[in-house]
Amino acid sequence: MTLLALSSLSAELGGKTVLRDVALTVKEGEFVGLIGPNGAGKSTLLRTILGLTPSQGNIELGGQAAASMSAAQRAKLVSYLPQEREIAWPVTVERLVGLGRAPHLPPFARPGAADEAAVREAMRRMDVEDFATRRATELSGGEKARVLIARALAQEAPLMLADEPTAGLDPAHQITLMRVFAGLAKEGRSVIACLHDLGLAARWCSRLVLLANGSIVADGPPRDVLTAARLRDVYGIQAYLGEDGGGLVVHPLDLAE
Ligand SMILES: Nc1ncnc2c1ncn2[C@@H]1O[C@H](COP(=O)(O)OP(=O)(O)OP(=O)(O)O)[C@@H](O)[C@H]1O
């Protein structure tokens, strides 16, 4: 089933075209790494899908025009981890992760057993159970990031949009997160994650979409997208490209000459 279909999508910000004529289809079971240099339009693309940035063109979620959906309908289909990791209220971690269940609850209803199980599972996956009763505002940057990812996981939406989800995480938690996202894809859900770490993107994503100056310049399996020529032309770098038993290995080495 197609979870997301974008066609002829364009967006303008501050009088500048930030996305131009983007077409993208994401089916169930895909872990898509959205990659590209700073300012390429990655965050804007996620925000247009959510209706947070105005755009022209077509956006379909689960086969339905996104423009015709209520916020509640959309929240059942798509969860979102924004780039900003601000936590405004001093609520407990448990409570904050529990907010991920809001789209599933009628107004003023108490969470039921299924909601509590989803919250516990999300906290387990992101290794934040030990912080359950602490105030979320008092955690370290990486701990906050893991709690916010857990909140998005608790939403149990078929499609997750995550903006730089590995930022601030230590290497073990970065790998844990990539495993979680790959696991969601195996279960038939899909993830689109903006990533700057090309090594993680190459190793864990089933598909990479490379954005440059607001346009998709490559889309396919990591091996096809991350070529030496593209890394030079789009990112201006030279990188080690290799293989081991686990797949493609990419390690940026220096600026391109
Ligand atoms: N509110 C805004 N007003 C004007 N221009 C904006 C606004 N938000 C983003 N832009 C511009 O749009 C372009 C795309 O920004 P976007 O945040 O989508 O890039 P990105 O690929 O996510 O970058 P990064 O890797 O640095 O997070 C940039 O040139 C940015 O300066």
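Let me start with Arg-179, which counts as exposed because it has 12 C-beta neighbours inside 10 Å, the cut-off for exposed being 12 or fewer. Please keep in mind throughout that what we are looking at is a predicted model. Arg-179 belongs to helix H6, which covers residues 171-186, and if you follow the chain 26 residues away to Cys-205, you find that the C-alpha atoms of Arg-179 and Cys-205 are separated by 9.8 Å.

Now to the helix packing. In general, two packed helices are described by the angle between their axes and the distance between those axes. For helix H4, residues 113-125, and helix H5, residues 141-154, the angle is about 140 degrees and the axes are 8 Å apart. H4 and H5 are therefore oblique to each other, since an angle counts as roughly antiparallel when it is over 145 degrees, and their crossing is right-handed. On the H4 side the contact involves Ala-118, Val-119, Ala-122, Met-123 and Arg-125, which meet Ala-150, Leu-153 and Ala-154 of H5. By class, the residues of this contact between H4 and H5 comprise 7 nonpolar and 1 charged, with no polar ones.

Finally, the ligand. Which residues are around the ligand? They are Leu-13, Gly-14, Val-18, Gly-36, Asn-38, Gly-39, Ala-40, Gly-41, Lys-42, Ser-43 and Thr-44. Helix H1, residues 42-49, gives the most to this shell, with 3 residues, and the shell as a whole divides into 7 polar, 3 nonpolar and 1 charged.

Definitions and conventions:
Residues are numbered from 1 along each chain as its sequence is written. This is a predicted model: local features need pLDDT of at least 70, side-chain atom pairs count only at pLDDT 80 or more; totals for chains, interfaces and linings use all residues. A residue is near a molecule or strand if its C-beta atom, placed from the backbone, lies within 6 Å of it. Helices (H or I, at least four residues) and strands (E, at least two) are DSSP runs, numbered from the N terminus. Ala, Val, Leu, Ile, Met, Phe, Trp, Tyr, Cys and Pro count as nonpolar, Asp, Glu, Lys and Arg as charged, and the others, Gly among them, as polar. A residue is buried if 20 or more other C-beta atoms lie within 10 Å of its own, exposed if 12 or fewer, and partly exposed in between; C-beta atoms are placed from the backbone. Axes are lines fitted to C-alpha atoms, for helices over the stretch in contact, and angles run from 0 to 180 degrees between N-to-C directions. Angles under 35 degrees count as roughly parallel, over 145 as roughly antiparallel, 65 to 115 as roughly perpendicular and the rest as oblique. A crossing is left-handed if the near helix is turned anticlockwise from the far one by less than a right angle, and right-handed if clockwise. Two residues are in contact if their C-beta atoms, placed from the backbone, lie within 7 Å.
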